[in-house]
Amino acid sequence: MTIGHKAQKRIAIYPGTFDPITLGHVDIIRRGARIFDHLIVAIADNPGKSPLFSSDERAAMVRHEIEILETSPDSQIEVITYDSLLMHCVQAQGASVILRGLRAVADFEYEYQMAGMNQQIDNTIETMFLMADCVLQPIASRLVKEVAFYEGNITPFVSPHVAQKLQQRMREKRREAMIPSS
Ligand code: ADP
């Protein structure tokens, strides 16, 4: 291997909905930033999933989490939104790795299919999986939103900043739900 190859930057993309970013996501970002020279957190602007927060709001929350994350000065983390096919975004960003988090067996089927199909679209891009800290593995944005809607305690699952944004949005939702439709 030549020095030129060694000097080449390893760019990874961590894609997801991040609606909103949880402590599980943050842990994957922290671990990924240790491995790759440049980590791009790519937020899917996918209206089909009817996210609670707009992609800009989700990106702002991710940026906020990254600012308070203690990473080595060498690691670079960037946040983008995308509304294209993931593989096109990966190619456009010059990344060679798609980073995903694996929680439980339940995630495996979907991740397996997605990685397999992406491999057929572009075989030069690898999908890699990381596990979050055991305590953080069960956290899922969907469940955090449910707990927040019913005014449960979400502090074990998201940062105080995200908790405040989520509680505010859920107050609005509850208010909307009380207004009878005409
Ligand atoms: P998507 O809609 O793409 O699944 P998510 O925001 O739900 O978007 O998840 C993005 C990625 O983060 C996925 O790879 C998911 O498995 C991973 N992830 C989410 N929560 C956790 C967690 N608690 N621990 C580890 N990985 C997680």
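What follows is a chat about a predicted model of a protein with a ligand.

Visitor: Before I zoom in, what's the mean pLDDT of the protein?

Guide: This is a predicted model, and its mean pLDDT is 91, with 92% of residues at 70 or more.

Visitor: Where is confidence lowest, and where is it highest?

Guide: Helix 1, residues 3-7, is lowest with a mean of 56, while strand 1, residues 11-16, is highest at 98.

Visitor: OK, on to the ligand. Which residues are closest?

Guide: Tyr 14, Thr 17, Lys 49, Gly 101 and Leu 136 are the closest of the 18 residues that surround the ligand.

Visitor: What does the side chain of Tyr 14 have to do with an oxygen atom of the ligand?

Guide: An N or O atom in the Tyr 14 side chain sits 2.7 Å from a ligand oxygen. Lys 49 also uses its side chain, with an N or O atom 2.6 Å from an oxygen of the ligand.

Visitor: And Leu 136, which part of that residue is involved?

Guide: The backbone: one of its polar atoms is 2.8 Å from a nitrogen of the ligand.

Visitor: Is Tyr 14 buried or exposed?

Guide: Buried, because its relative accessibility is 5%, under the 20% cut-off. Phe 18 is buried too, at 2%.

Visitor: Why is the Phe 149 and Tyr 150 pair called edge-to-face?

Guide: Because the planes stand at 90 degrees, and anything over 60 gets that label. The ring centres are 5.1 Å apart. Phe 149 is partly exposed at 25% relative accessibility, and Tyr 150 is exposed at 63%.

Visitor: What does Arg 174 touch?

Guide: Leaving out residues up to four places away in sequence, Arg 174 touches Ala 148, Phe 149 and Glu 151. Its side chain reaches the backbone oxygen of Ala 148 at 3.5 Å. Arg 174 itself belongs to helix 7, residues 160-178.

Visitor: Glu 151, then. What's phi doing there?

Guide: Phi of Glu 151 is positive, near 60 degrees, and the residue isn't a glycine. Most residues other than glycine have a negative phi. Glu 151 is in the loop between helix 6 (141-149) and helix 7, and it is exposed at 60% relative accessibility.

Visitor: What about phi of Ser 50?

Guide: Ser 50 has a positive phi as well, about 45 degrees. Its loop runs between strand 2 and helix 3 (55-67), and Ser 50 is exposed, with 58% relative accessibility.

Visitor: Where's the cis peptide bond?

Guide: Between Asp 19 and Pro 20, with omega about 0 degrees. Pro 20 is in the loop between strand 1 and helix 2.

Visitor: What does His 25 touch?

Guide: Pro 20 again, along with Tyr 14, Phe 18 and Ser 141, if you skip residues up to four places away in sequence. His 25 is in helix 2, residues 23-35, and is buried at 17% relative accessible area.

Visitor: And where is His 38?

Guide: In strand 2, residues 38-44. His 38 is buried at 13% relative accessibility. Its side chain makes a 2.8 Å polar contact with that of Glu 78.

Visitor: What else does His 38 touch?

Guide: Besides Glu 78, the list has Arg 10, Ile 11, Ala 12 and Gln 76, again without residues up to four places away in sequence. The C-alpha atoms of His 38 and Lys 9 are 7.2 Å apart, though 29 residues separate the two along the chain.

Visitor: Switching to helix 5: how far apart are its end C-alpha atoms?

Guide: They're 25 Å apart, which agrees with the 24 Å its 17 residues (105-121) should span at 1.5 Å a residue.

Visitor: Which residues of helix 5 are buried?

Guide: Asp 107, Glu 111, Ala 115 and Asn 118. An α-helix has 3.6 residues a turn, so residues three or four places apart point the same way.

Visitor: What do the buried residues of helix 5 pack against?

Guide: Helix 4 (86-93), strand 4 (97-101) and strand 5 (126-130).

Conventions: Residues are numbered from 1 along each chain as its sequence is written. This is a predicted model: local features need pLDDT of at least 70, side-chain atom pairs count only at pLDDT 80 or more; totals for chains, interfaces and linings use all residues. Side-chain values use heavy atoms; hydrogens and water are left out. Buried means under 20% relative accessible area, exposed over 50%, partly exposed in between (1.4 Å probe, protein chains only). Rings of Phe, Tyr and Trp (its six-membered ring) pair if their centres lie within 6.5 Å; planes under 30 degrees apart count as stacked, over 60 as edge-to-face and the rest as tilted. Helices (H or I, at least four residues) and strands (E, at least two) are DSSP runs, numbered from the N terminus. The expected span of a helix is 1.5 Å times one less than its number of residues. Contact means heavy atoms within 4.5 Å. pLDDT is the predictor's confidence in each residue, from 0 to 100. A residue is near a molecule or strand if one of its heavy atoms lies within 4 Å of it. A polar contact is a pair of N or O atoms within 3.5 Å; within protein, one must be able to donate a hydrogen and the other to accept it, and residues adjacent in sequence count only if both atoms are side-chain atoms.
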